[in-house]
Amino acid sequence: MKNLLFIGDVVGNAGCEFLSSKLRTIKQMYGIDMTVVNGENSAQGNGITKLSADMIFSAGADIITTGNHAFRRRESLDIFDSEFILRPANYPEGAIGRGVCTLDMGAYSVTVINLMGTVFMDPLDNPFTVIDSILDETDAKNIFVDFHAEATSEKKAMGYHLAGRVTGVFGTHTHVQTTDDCILGGRTAYITDAGMTGPEESCLGVEIKPAVDRLRFRMPVKFREAEGPCFLCGIVVSFDEKSGKSHKTERIIIR
């Protein structure tokens, strides 16, 4: 039995620093064999840069996934040359980077797929069609999917679409950890949203007042990263590396 740790959206410098201070202890505590971190908001002002990616890897991540802010920082697009930094696989053909990564763990391997939803999001290729094509072309047993999506309905639908076909499906993007983690189809670990890592007293990682003012007055405001104590949200999945079957999920919140 192996343990994979998936950590929800890391937000800004505070989130990166908190991850760095806690991850190694968490990995020891839960006996983690592999760690996947969503880093699409890890740079100051969102997006991901070489600096923030390096901080996440130095903290102990094996693979970084992203989402709709993957290409937000034009000065750092070359980071997607790395096979361990993913962008959604349903970006149009010809886009830089890759959406699938397989990590060789010696006696077994783990494949991570990054996908993005299209409900209330950018009009990318259909994620259901794309994931079907990917699965048709692989014989990997241990497959985990980061589904970066806005609508809970689309996330649940993807979970059921992949039930019994992959080892785990983790929702990201909405930054609020849900309590519906479960095993679907007797095989597939699932959670609608893994949550976020960054300032806890915030609106999804940014200062509260500007976020409230934007919604209250419908006027443009400048979002700033919130200050104060951070938390780390994620999920641990115990799976049989020989069959790719998940047996247990455990949500974590570290303050």
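**Entry 1: β6 and its neighbours**

I started with β6 and strand β7 (residues 143-148): they run parallel and are joined by 6 bridges. Strands here are DSSP runs of E with at least two residues, helices are runs of H or I with at least four residues, and both are numbered from the N terminus. Two strands count as paired if DSSP finds at least two bridges between them. I noted that Thr111 has Ile143 as its bridge partner in β7.

A reminder to myself: this is a predicted model, where local features need pLDDT of at least 70 and side-chain atom pairs count only at pLDDT 80 or more, while totals for chains, interfaces and linings use all residues. Residues are numbered from 1 along each chain as its sequence is written, and side-chain values use heavy atoms, with hydrogens and water left out.

Next I looked up strand β5 (residues 100-104), which pairs with β6 in the antiparallel sense over 5 bridges. Thr102 sits opposite Thr111 of β6. The hairpin of β5 and β6 has 4 residues between the strands, and Gly106 there takes a positive phi near 95°.

Is β6 buried or exposed? I found 7 of the 8 residues of β6 (residues 109-116) buried, so the strand is largely enclosed by the rest of the structure. Buried means under 20% relative accessible area, exposed over 50%, and partly exposed in between (1.4 Å probe, protein chains only).

**Entry 2: helix α4**

In helix α4 (residues 152-162), I listed Glu154, Lys155, Met158, Gly159 and Leu162 as buried. They cover an arc of only 140° around the axis, which puts them on the same side of α4; the arc is that of the directions from the helix axis to the C-beta atoms.

The face turned away from the buried side of α4 carries the exposed residues Thr152, Ser153 and Tyr160. Just after α4, I noticed Gly164 with a positive phi of about 80°.

**Entry 3: β11**

Which residue is the bridge partner of Asp9 in β11? I found Met196. Strand β2 (residues 9-10) and strand β11 (residues 196-199) pair in the parallel sense over 2 bridges. I also checked strand β12 (residues 230-240), which runs antiparallel to β11 and is joined to β11 by 3 bridges. There, Thr197 has Leu232 of β12 as its bridge partner.
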